[in-house]
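Trainee: Please pick one part of this model and take me through it closely. Then show me how it connects to the rest.

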Amino acid sequence: MNTKLTSMLQAMSPENDPWDPIRSLQRHGKHILTSVELTVTNLCNMRCEHCAVGDSLTMKEGPRIPVATILQRLDQVEHLETISITGGEPSYHEQSVRDYIVPVLKYARERGIHTQLNSNLTMPIARYEMMAPYLDVMHISFNYTSAQDFHRVGFVRAGRQVSDKAAGKLYETMVENTIALSRGGMFISAESMINYLTLDKLADIHRLIVEMGCQRHEVHPMYPSSFAANLPRLSLDQYSYAIHRLLDSRDRDLWMLFGTLPYYACNTDEAGQRLLQRLRMEPNVTVRNDPDGRNRLNVNLFTGDVYVTDFSDVPSLGNIHTDKFQEVFERWEAHPLHASVNCYCPAVSCCGPNLLVADSYYKGVDFTTRAALI
Ligand code: SF4
């Protein structure tokens with residue numbers, strides 16, 4: 001591979017995570033819009049059991065809003081720091097990579113904005129190499145210890161039989177792409193979910209992520225959204241057990257990022273406090289506050305509808321044909337749900353729970369009346 005893959009922006013590290021909304025909160029004294037997520041396709045070659053946007057996936061789709069329109073709207077976001085590109089599988093069509101994604105990434109690079117793309121990395125590597133010079137984070141899902149796991153999880157909602165051979169080939173491609181792109185210098189962040197299937201396998205999953213050369217392992221509990229809505233839900237104790245075991249067995253040289261955790265410093269239970277304390281002390285471990293509902297908006301590039309996240313039940317709050325992103329963000333600030341999770345405890349760098357977490361585990365709790373207990 002002769003393409004230069006290394007980002008020219010300030011390198012990301014446990015000390016520099018541009019996606020954590022706490023940074024702009026600390027700088028501006030309130031949440032402001034610093035992050036936009038673009039849903040560039042609803043097509044995907046997989047149908048993962050846990051897919052957070054599974055219900056939106058389609059078999060074909062119409063034309064996207066012109067890239068110039070999107071860039072014009074992005075230009076109006078004064079404090080834009082990050083752009084995330086998501087799907088479906090954004091690289092499903094080579095033409096969309098070339099004519100849509102690369103121009104957005106180039107625009108971001110020229111403005112000094114960090115970029116992330118969510119992908120399953122199962123497409124031909126040339127598509128990823130096209131983006132590589134302008135991309136800061138290639139984000140993949142990795143919840144497997146073998147091709148059989150991949151087959152079991154990745155096509156369960158496909159509505160048709162996918163052969164072992166076909167699934168095995170895709171798994172191989174994903175692993176080979178991850179290894180080759182990592183070797184080329186791409187920052188690949190592999191995300192695993194803690195759920196009923198991975199609970200006892202996280203140490204092995206972590207080892208494979210290290211072996212493939214990924215630069216970060218992200219871990220999130222799985223919450224009941226879209227395809228995952230009816231999967232078995234784990235208890236807070238089960239998540240805690242899984243995280244402690246993973247911390248015991250991890251490679252301490254690899255950055256581990258935990259997100260959307262359901263534990264808060266204002267909780268009174270000792271086990272939760274102990275886990276948070278451990279996460280604070282562990283080297284190379286960070287806990288990210290959730291951008292959804294804080295500093296980020298998501299836009300669907302077919303309808304133009306703008307949401308506070310790509311997977312919550314909050315309906316669209318505007319449309320880019322008629323509204324600036326900033327106007328939509330102000331509508332969200334006035335929304336009753338926004339107020340319900342809008343708390344901030346500087347001592348522990350926490351800015352409140354994710355909306356789905358609050359709904360799943362803390363129904364009726366008013367976080368705005370709580371404070372960290374340290
Ligand atoms: S910011 Fe909110 S959720 Fe976090 S510790 Fe404080 S009160 Fe609890």
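Predicted model: local features only at pLDDT ≥ 70, side-chain atom pairs only at ≥ 80, totals over all residues.

The part I pick is helix 2, residues 67-75. Its exposed residues are A68, Q72 and D75. Its buried residues are I70, R73 and L74. Look down the axis of helix 2: the buried residues fall within an arc of 100 degrees, so they line one face of the helix. A68, Q72 and D75 sit on the other side. Note that the buried set of helix 2 includes an arginine, R73.

Next, the cover. The buried residues of helix 2 are covered by elements that include strand 1 (35-39), helix 3 and helix 10 (325-333).

Take strand 1 from that list. Five of its five residues are buried, so strand 1 is largely enclosed by the rest of the structure. Both of its faces are covered. S35, E37 and T39 are buried on one side. V36 and L38 are buried on the other.

Strand 1 also has pairing partners. Strand 2 (residues 82-86) runs parallel to strand 1, and five bridges join the two. Strand 9 (residues 296-300) pairs with strand 1 in the parallel sense as well, again over five bridges. T39 shows both pairings. Its bridge partner in strand 2 is T86. Its bridge partner in strand 9 is N300.

Now the core. Nonpolar side chains tend to be buried together in soluble globular proteins. Here, the largest nonpolar core has 86 residues. Among those with the most contacts inside this core are L38, I101, V104 and L297. Helix 3 (residues 94-111) gives the largest share of the core, six residues.

Leaving aside neighbours within four places in sequence, L297 is in contact with L33, V36, V306, Y307, V308, F325, V328 and F329.

P103 has its place in helix 3. With 15 C-beta neighbours inside 10 Å, P103 counts as partly exposed.

Finally, the backbone. Most residues other than glycine have a negative phi, and most peptide bonds are trans. The loop between strand 2 and helix 3 is where you find G88. A cis peptide bond joins G87 to G88, with omega about 15 degrees. L121 has a positive phi of about 55 degrees and is not a glycine. L121 lies in the loop between strand 3 (114-119) and helix 4 (125-131). L121 has 25 other C-beta atoms within 10 Å, so it is buried. S349 also has a positive phi, near 50 degrees. S349 is in the loop between helix 11 (336-340) and helix 12 (355-361). With 18 other C-beta atoms within 10 Å, S349 is partly exposed.

Methods. Residues numbered from 1 in each chain as written. Core = buried A, V, L, I, M, F, W, Y, C linked by C-beta atoms within 7 Å. Buried ≥ 20, exposed ≤ 12 C-beta atoms within 10 Å, placed from the backbone. Helix = DSSP H or I, 4+ residues; strand = E, 2+ residues; numbered from the N terminus. Contact = placed C-beta atoms within 7 Å. Arc of directions from axis to C-beta. Pairing = 2+ DSSP bridges.
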